[in-house]
Amino acid sequence: MRQSAEGQRVACLGVGVIGASWATNFALEGCEVALYDISQDSVDRAMEHVRHDLDFLVTQEILFPDTADRCFARLHPTTDLAEALKDVRLIQESGPEHYEAKHKILEQVDRYAPPDAIFASSTSGLLITEIARGTRYPERCVGAHPYNPPHLIPLVELTRGEQTSEECLQWAYQFYQSLHKEPIILQKECLGFISNRLQLALSREGADLIMRGVCTVEDIDKAVTYGPGLRWAFLGPYLLMELASSQGGFVVADEHFRSSAQLWLKDMAKWEAYPDRWSEVAQTQIYDEMAHRPAEQGNNAAEIMEYRDRMLIELLKLHKKLHQRSR
Ligand SMILES: NC(=O)c1ccc[n+]([C@@H]2O[C@H](COP(=O)([O-])OP(=O)(O)OC[C@H]3O[C@@H](n4cnc5c(N)ncnc54)[C@H](O)[C@@H]3O)[C@@H](O)[C@H]2O)c1
């Protein structure tokens, strides 16, 4: 039987972009959620962020207004770590992305967390073995990397450090499943995990093409959005290759493309340091792209974010991953 998240006490430590969205996710699934950050301002901003996300789900007819209010009532904002960690089963850490910050948080967690609490880091790609050097209890540390925004995107990449216990990993797997997430477990620890390595490979090749003058930022964004991105929303690259040849099958498709692909591979980006001026070039072209997008797709960051969330909701409906919630 599926474990239930309902009624579980969880703490979100660090409630910026990711921590606040995790808090929304946990509250939607019936958890009692402590939101902790180092300043009252950050906690207040996170509460506004969650309220905004819940209200948006109401406008999209995913939540009834009184359900959104009930979710909001499950949030417990605080700047007192002892209070945040009282009786929690899961600690979702979403602090800054460097080892020193994670170690500082873990050192304090050791003081106040219940002995059976699982510490799950949202890290985008640091090693859990290294993060866990900040605690006396490395066996209960696991990586639980979400994709932004976690309250809408189902993927969670679970990684174990050298000392993570099997019990901790399995508990986390079942817990995220109970939140209707799609957890996957990495069989070996590696920097950047799976999805961010894939994303970075794509992004490096895009940067290379732009800096060589082959195309613009907007061309790359269009190529992904109206090309492979449409298919990737439903099928991964290897299943798509399985369908790529008229004779059928991956091996035939691979043979068909192999000699050409080997020429491309020789020409593709292999650098490890970003080209000079890359970020200025990209930023200028992103502003250009934003300025002349169709108005209904958004012309500034806030509008584009709302467009993203609306489109994600439509996709999640197709995936049958979003059901109207009435709890
Ligand atoms: N932004 C993304 O797209 C994304 C996606 C997946 C995972 N992540 C990961 O999630 C984590 C958080 O990223 P973010 O984008 O939300 O960053 P953010 O800067 O928006 O939020 C970080 C929060 O941590 C707080 N903080 C700092 N020191 C703290 C401490 N000692 N205790 C508690 N809170 C503290 C900050 O005040 C801030 O509110 C990082 O590890 C990041 O790599 C980010």
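Let's start at the ligand: one of its oxygen atoms sits 2.9 Å from a backbone N or O atom of isoleucine 18. That is a polar contact, meaning a pair of N or O atoms within 3.5 Å. Keep in mind that this is a predicted model, where local features need pLDDT of at least 70, side-chain atom pairs count only at pLDDT 80 or more, and totals for chains, interfaces and linings use all residues. Residues are numbered from 1 along each chain as its sequence is written, and side-chain values use heavy atoms, with hydrogens and water left out.

Glycine 95 has a backbone N or O atom 3.3 Å from a ligand oxygen. For glutamate 97, a side-chain N or O atom is 2.6 Å from an oxygen of the ligand. How much of the ligand does the protein bury? Alone, the ligand exposes 830 Å², and the protein buries 74% of that. Those areas come from the Shrake-Rupley method with a 1.4 Å probe.

Now the core. The largest nonpolar core has 45 residues. Such a core is a set of buried Ala, Val, Leu, Ile, Met, Phe, Trp, Tyr and Cys residues joined through side-chain atoms within 4.5 Å; buried means under 20% relative accessible area, with a 1.4 Å probe and protein chains only. Phe26, Val33, Leu35, Leu90, Phe175 and Tyr176 touch the most other members. A second, separate core of 20 residues includes Ala11, Val109, Phe119 and Ile128.

Take phenylalanine 26. Beyond its neighbours within four places in sequence, its contacts (heavy atoms within 4.5 Å) include Val10, Cys12, Val33, Leu90 and Phe175.

Key:
Buried means under 20% relative accessible area, exposed over 50%, partly exposed in between (1.4 Å probe, protein chains only). A polar contact is a pair of N or O atoms within 3.5 Å; within protein, one must be able to donate a hydrogen and the other to accept it, and residues adjacent in sequence count only if both atoms are side-chain atoms.
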